[in-house]
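Subject: The model, plus some notes

Hi,

Here is the structure I promised to send over. Have a look at it first, and then read on for what turned up.

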Amino acid sequence: MKTNKFIQSYSHIRNNTVSKNGTLLFENASEAFPDFIKAAYNALDTGYPKFFKMDNLSKLAFLAADVLLKEIPSATNKEQNIAIVLSNRASSLDTDRKHQASIANKEDYFPSPAVFVYTLPNICIGEISIKHRLFSENSFFIFDRFSAEHLADYTNGLFLNNKAEKVIGGWVDFDTDTYEAFLYLVSDKGSIPHNKKEINRLYRL
């Protein structure tokens, strides 16, 4: 299943760095993820106060996607026909643990709605969609490891069925203090063919 589409751009967030198309945008020595992601948010001029209410997985996905979507002009109140196809290994486990801790003690039973809302991994897609007005298809898959084949095939299916004009695909995983984001934008523009081989190559850069 092939389409004449290209990887227009890609982003990485890992090892205390944020990069786009292989170019370093931000680096910070903070070992704690909350400190690092806050510093990255400020340095990249993200300008979205709701960011600070998100869980760690959503912050990671949101910032990686924002790096890509800033290059796409968006008119006020205009819907963007951009689909999102994400995957990871840990699902929303980091937030699930926090929610479980809030209900485990029967004497101090206080489940927080602010935490509970993030106990699904696809909520991060919603956060991205709200800011950038994305109203197309979206899916979040859980795998043991990164699967370029699945991402490529699913994305091509969206194009072949006219479900989207562009697609953001990739891997966004957060578990305790371990995090990694690799997102890429597929469209009619670009010089990198959209296929399994190239997705794997960019992921490993």
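First, the ground rules. This is a predicted model, so local features need pLDDT of at least 70 and side-chain atom pairs count only at pLDDT 80 or more, while totals for chains, interfaces and linings use all residues. Residues are numbered from 1 along each chain as its sequence is written, and side-chain values use heavy atoms, with hydrogens and water left out. Helices (H or I, at least four residues) and strands (E, at least two) are DSSP runs, numbered from the N terminus.

**Rings**

The structure holds 17 aromatic pairs. One of them is Phe-33 with Phe-36, a tilted pair with 6.4 Å from centre to centre and 55° between the planes. For the cut-offs: rings of Phe, Tyr and Trp (its six-membered ring) pair if their centres lie within 6.5 Å, and planes under 30 degrees apart count as stacked, over 60 as edge-to-face and the rest as tilted. Both Phe-33 and Phe-36 sit in helix 1 (residues 33-43), three residues apart, which is about one turn of the helix.

Elsewhere, Lys-5 lies over the face of Phe-159, 4.6 Å from the ring centre. That label needs NZ of Lys or CZ of Arg within 6 Å of the ring centre and within 35 degrees of the ring normal.

**Helix packing**

Helix 1 packs on helix 2 (residues 56-69) at an angle of about 30°, with the axes 11 Å apart. Axes here are lines fitted to C-alpha atoms, for helices over the stretch in contact, and angles run from 0 to 180 degrees between N-to-C directions. Helix 1 and helix 2 are therefore roughly parallel to each other; angles under 35 degrees count as roughly parallel, over 145 as roughly antiparallel, 65 to 115 as roughly perpendicular and the rest as oblique. Their crossing is left-handed, i.e. the near helix is turned anticlockwise from the far one by less than a right angle (clockwise would be right-handed).

Which residues meet there? From helix 1 come Phe-33, Ile-37, Ala-40 and Tyr-41, and from helix 2 Asn-56, Lys-59, Leu-60 and Leu-63. Contact means heavy atoms within 4.5 Å.

The axes of helix 6 (residues 148-160) and helix 7 (residues 196-203) come within 9 Å and cross at roughly 130°, so helix 6 and helix 7 are oblique to each other. Ala-148, Glu-149 and Ala-152 of helix 6 make the contact with Lys-196, Ile-199 and Asn-200 of helix 7.

In helix 5 (residues 123-132), the buried residues are Cys-124, Ile-125, Glu-127, Ile-128, Ser-129 and His-132. These pack against helix 2, strand 4 (82-88) and strand 5 (138-142).

**Single residues**

- Asp-66 lies in helix 2 and is buried, with a relative accessible area of 1%. Not counting residues up to four places away in sequence, Asp-66 touches Thr-46, Lys-131 and His-132.
- Asn-56, also in helix 2, is buried at 12%. Leaving aside neighbours within four places in sequence, Asn-56 is in contact with Phe-33, Asp-94, Lys-98 and Phe-174.
- Asn-16 sits in the loop between strand 1 (6-14) and strand 2 (17-20). Phi of Asn-16 is positive, near 65°, in a residue other than glycine, and at 16% Asn-16 counts as buried.
- Asp-45, in the loop between helix 1 and helix 2, has a positive phi near 55°. Asp-45 counts as exposed, at 64% relative accessibility.
- Thr-119 is in the loop between helix 4 (113-116) and helix 5, and is buried at 16%. Leaving aside neighbours within four places in sequence, Thr-119 contacts Ser-92, Thr-95, Asp-96 and His-99.

Cheers

Technical notes. Buried < 20%, exposed > 50% of the residue type's maximum accessible area, 1.4 Å probe, protein only.
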